[in-house]
Amino acid sequence: MKDAFGLPQSLLVLGGTSEIALATARRLVARRTRTVWLAGRPSPALDAAAEQLRGLGAEVRTVAFDALDPESHEAALGKVFAEGDIDLVLLAFGILGDQAHDEREPLNAVRVAQTNYTGAVSAGLVAARSLQAQGHGSLVVLSSVAGERARRANFIYGSSKAGLDAFAQGLGDALHGTGVHVMVVRPGFVRSRMTEGMEEAPLATTPEAVATAIELGLRRRSETVWVPGALRMVMSAVRHLPRSVFRRLPV
Amino acid sequence: MSADTVRDTDRGPDADWDTVTGWGRTAPTGALVVRPRTYEEAAVAVRDCGVRGGIARGLGRAYGDAAQNAGGAVLDMTALDRVHAVDVAGGTVLCDAGVSLHRLMEVLLPLGWFVPVTPGTRYVTVGGAIGADIHGKNHHVSGSFTRHVLSLELLTADGRVRTVAPGTPLFDATAGGMGLTGVILTATLRLQPVETALMSVDTERAGDLDDLMARLTATDHRYRYSVAWIDLLARGRATGRAVLTRGDHAPLDAVPARSRARREPLAFRTSRLPATPDFLPGGLLSRTTVGLFNELWYRKAPRVSRGRLQRISTFFHPLDGVPHWNRVYGRGGFVQYQFVVGHGREEALRSIVRRISARRCPSFLAVLKRFGAADPGWLSFPVPGWTLALDIPAGLPGLGAFLDELDEEVARAGGRVYLAKDSRLRPEMLAAMYPRLDDFRALRAELDPRGVFVSDLARRLAL
């Protein structure tokens with residue numbers, strides 16, 4: 001069960017090698033979390049992540065999960081929830097793709113969309129049903145500012161996050177009043193493996209800062225969290241820029 | 001995924017899905033709230049409560065998650081509210097578990113009787129009072145609530161209704177058992193005789209914590225009721241300054257002749273202000289506002305006053321005059337922290353008060369009390385010693401980690417925190433704080449092998 005500060009005792013990470021997810025898991029394990037499930041494609045990285053969290057004192061198990069195989073989601077997540085209540089599901093999987101390359105290779109672009117959006121639709125609905133049955137828990141969805149307004153430079157990724165974001169908001173409203181809380185997290189540019197070698201955008205942040213914001217959002221039972229918080233103001237301005245101006249922005 | 005309504009008027013009780021929180025308004029969870037109107041409906045509700053079990057709920061005054069059951073059933077017992085019989089000569093009452101102490105006072109005071117123990121609110125049910133084994137300002141004289149329970153009827157997981165008498169293991173597990181042994185249906189209570197519905201109250205100020213503890217130690221035994229409001233924002237030499245209010249039921253000859261109170265000495269009078277609105281922002285209770293309040297409250301109290309007459313509601317339940325006062329903390333809610341450390345562990349109390357004061361927790365409802373002998377309930381909270389209770393806004397940064405540190409200090413001093421107020425304890429701390437926990441678990445395993453009775457508190461703490 002979550003405590004008065006929204007801190008979970010059990011955590012399920014979908015996308016168990018995500019740096020933001022692991023930073024969040026480390027933070028939560030240092031507080032209250034004792035049981036962690038890392039769901040992801042079996043890999044040495046997943047095992048290493050599990051080992052790292054075990055070192056912090058958590059009981060960690062891994063479970064095979066592939067965002068691109070929605071048919072398997074029911075079984076994979078069902079196995080986790082059958083073992084006991086999950087207080088927090090962190091939907092953290094996602095790929096950035098390579099915009100320039102993917103524009104020429106539509107199948108690659110589709111893979112981005114399928115991972116970030118349709119994979120999340122399937123996993124999100126499966127998790128939501130289990131959470132609703134247990135009458136409590138938070139579903140934290142890692143969206144992105146990129147989904148707030150698609151940019152020329154990464155609209156494939158951005159559109160997939162836009163879909164995910166809209167889906168998660170609607171799911172949150174559908175679950176309102178059931179005891180289940182859905183929180184959409186919109187980080188800006190996060191310095192991580194995913195963005196290595198890329199030019200940093202303004203208001204860049206770190207996985208640790210996102211983890212801190214998630215902990216605060218859980219305490220406040222927030223529905224939307226921007227990281228850093230200033231992005232909320234920035235993006236509400238950006239959202240209203242005319243297309244002709246927005247197109248010319250150097251971002 | 002909409003919340004669906006379940007109504008089966010043919011046989012089952014009234015029920016619908018709702019989100020439920022405790023009085024602190026933190027950690028809401030969804031449950032099927034069932035409102036049995038008869039014992040039979042209560043039995044049906046327990047039989048039908050499904051894999052996620054059920055828990056009885058009274059008036060929802062437990063601060064944390066004791067009367068919540070995520071995904072399962074919450075049995076709202078407040079419709080079972082009959083006072084069955086009052087023995088006016090012998091001073092006992094037989095009533096349903098859903099009867100509030102407020103209702104009991106309305107019924108009993110005109111007959112010259114008072115509830116044996118009342119907490120800081122009258123809006124708790126008899127069932128809740130037993131489940132949390134509540135205490136009041138008279139603990140040092142009278143012990144906890146369940147000391148005055150002569151018998152109770154308990155609906156257990158197998159569907160049987162058992163009559164449970166004090167001195168039996170089932171009674172001791174149920175007293176303070178947080179509703180996890182079954183659903184209390186009725187109870188017979190021993191009452192306190194009174195001549196009037198007024199209190200004769202002595203008030204005095206204590207300049208710091210040591211002064212306060214010295215006064216309580218020296219003269220508490222002279223009073224039936226005793227409590228101290230403590231200013232936890234005061235610093236330096238004033239750390240722990242307090243206002244003591246102690247008293248007893250006023251005898252008839254203490255009431256002035258020819259007054260209205262003399263003509264109707266047993267009339268139960270209360271007053272209520274308008275309810276706190278639901279839309280207050282968080283952060284109203286800051287260090288500044290609470291510091292100001294505390295300063296005024298301390299200055300307003302007389303240095304010494306003796307034998308002042310007060311209404312029962314003013315003396316025992318000042319906050320009941322403000323319906324929904326818990327909303328003043330805003331949407332984020334608040335946490336109540338209450339612990340006890342034994343006599344001889346005053347140093348731990350001093351250290352904790354200093355730490356709270358140094359951290360500047362904005363707490364205006366802090367109360368210090370000296371407990372009497374321990375009570376027989378296995379999970380009953382009181383032990384002889386000092387108990388401090390305080391309210392803190394849940395949104396205060398770093399509060400969780402700070403309270404964890406206080407837990408460690410309390411446990412090291414052999415003390416414990418109060419489960420009826422808890423919403424954040426770590427399960428690892430529990431066994432050290434409650435040495436009879438294993439007995440409690442063993443009895444539950446035998447009495448309720450399928451785990452029908454379960455609450456969010458029980459899940460969180462693995463009770």
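The questions below concern the sheet and the helices of chain A in a predicted model.

Q: In what order do the seven strands of the open sheet of chain A stand?
A: The pairing within this open sheet is parallel, and the twist from one strand to the next averages 15°. Read across the sheet of chain A, the seven strands follow the order 3-2-1-4-5-6-7.

Q: Which strands of chain A stand at the edges of the sheet?
A: An edge strand here has a single partner strand, so one side of it is left without a neighbour in the sheet. In chain A this applies to strand 3 (59–64) and strand 7 (224–227).

Q: Which residue of strand 3 of chain A is the bridge partner of Gly40(A)?
A: Strand 2 (residues 35–40) of chain A runs parallel to strand 3 of chain A, and six bridges join them. Helix 2 (residues 44–55) of chain A packs on the sheet, where it touches strand 2 and strand 3 of chain A. The bridge partner of Gly40(A) in strand 3 of chain A is Ala64(A).

Q: Are helix 5 and helix 6 of chain A roughly parallel or roughly antiparallel to each other?
A: The axes of helix 5 (residues 106–134) and helix 6 (residues 155–174) of chain A come within 8 Å and cross at roughly 15°. Since angles under 35 degrees count as roughly parallel, helix 5 and helix 6 of chain A are therefore roughly parallel.

Q: How many residues of the contact of helix 5 with helix 6 of chain A are nonpolar?
A: The contact includes Ala109(A) and Val112(A) of helix 5 and Leu164(A) and Phe167(A) of helix 6 of chain A. Alongside four polar residues and one charged residue, the nonpolar residues of this contact number 13.

Notes: Residues are numbered from 1 along each chain as its sequence is written. Chains are lettered from A and ligands numbered from 1 in the order in which they are written. This is a predicted model: local features need pLDDT of at least 70, side-chain atom pairs count only at pLDDT 80 or more; totals for chains, interfaces and linings use all residues. Axes are lines fitted to C-alpha atoms, for helices over the stretch in contact, and angles run from 0 to 180 degrees between N-to-C directions. Helices (H or I, at least four residues) and strands (E, at least two) are DSSP runs, numbered from the N terminus. Angles under 35 degrees count as roughly parallel, over 145 as roughly antiparallel, 65 to 115 as roughly perpendicular and the rest as oblique. Two residues are in contact if their C-beta atoms, placed from the backbone, lie within 7 Å. Ala, Val, Leu, Ile, Met, Phe, Trp, Tyr, Cys and Pro count as nonpolar, Asp, Glu, Lys and Arg as charged, and the others, Gly among them, as polar. Two strands pair if DSSP finds at least two bridges between them.
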